[in-house]
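User: Hi, I'm new to this one. Could you walk me through it?
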Amino acid sequence: ALLMTVPSRTVPSLRVILSAIARAAPTSTNITENNTSDVILDFIGRPLYLEKQRIRSPPFNMCRFGGSIPRAAPGHNENPPESRGKQLSDRYYRWVRRVCLPAFLVSGSPVVLHPQRARRTGAYILAPNHFSPYDVPCLIKETPRMLDFVSIVEVFGNPLVAWFYRNMEAIPLDRSRVDTTTTRIILRRLSQGRAVAMFPEGRVQTDEGSVLNGGRIRHGVFGIAKTANVPIIPCVILGTRAYHRASAWLPLRRTVFGVNYGEPLIPDETWDDIAVAEKSLRNAYRQLHTELLEQLKGHRIA
């Protein structure tokens, strides 16, 4: 199918890119409170120590981070002046989007709701549900902003995949040890006005385990949003599991998937109660899911 839609010299690169993206399973950290010292806990509960410095933002009882984290003001430039390497990675992201676009254009029939909500300037955390590895390329295609994905370090074991994801500015998370580096990188990217994609479910989920059906939410996304003073944009994505079938790539525009972007959730003092923060995100998922299902009515969704 791809041979029919893109120049022959592009096909090998396109196959490599799609294969690399599909093999990744981004995840997020789970950061919780420790009241005895200035530490945070990684997503399986191990202490993760950061330098103790004064933080200008108000105290945050749910999670205390060390280090001074600049706030991303509204209207902050998405791409502030940075190193030559960062500029090259942004150009590479745009190139991947252009190269992958034909495969999805000829095979898919997406239903995308409220993309303008993800077009906002300044830093934010995009928080999608996670049914399939193909959520990643579909989000790259449909999201107006460039996204810095948080991905498990295991996918970087393959040299080709590692090269691809480093060029895409993906943030590796090492689950086998206390990973202070990843936390610092996420906070630094947000302070630079970037959009960071974190999957609150932590991994690809089944229907039964999905947050859309009451599944677990890892609380790290709330801690990072509160500390960096950036909004969370909830997102519901459905139907991307269809791309596991070879027939879904045929140039017939029959593969239907949907993406619905929510209103930004602004962290405030009520988020000191983690139950309040979680409830706001669950309510947003519920509303977005209902709205998207209504628009996808009559279509077969994988």
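Analyst: Happy to! Helices (H or I, at least four residues) and strands (E, at least two) are DSSP runs, numbered from the N terminus. By that count the protein has 7 helices and 9 strands. This is a predicted model, where local features need pLDDT of at least 70, side-chain atom pairs count only at pLDDT 80 or more, and totals for chains, interfaces and linings use all residues. Residues are numbered from 1 along each chain as its sequence is written, and side-chain values use heavy atoms, with hydrogens and water left out.

User: What share of the residues is buried?
Analyst: Of the 302 residues, 55% are buried, meaning under 20% relative accessible area with a 1.4 Å probe, protein chains only.

User: Okay, strand 9. Which strands does strand 9 pair with?
Analyst: Strand 3 (residues 111–113) pairs with strand 9 in the parallel sense over 3 bridges, and strand 8 (residues 232–238) pairs with strand 9 in the antiparallel sense over 4 bridges. Pairing here takes at least two DSSP bridges between two strands.

User: Which residues sit opposite each other there?
Analyst: Val 111 faces Gly 258 of strand 9, while Cys 235 has Tyr 261 as its bridge partner.

User: And which way do the residues of strand 9 point?
Analyst: In strand 9 (residues 258–261), Gly 258 and Asn 260 point one way and Val 259 and Tyr 261 the other, and all are buried. In a regular strand, side chains alternate between the two faces of the sheet.

Terms used:
Buried means under 20% relative accessible area, exposed over 50%, partly exposed in between (1.4 Å probe, protein chains only).
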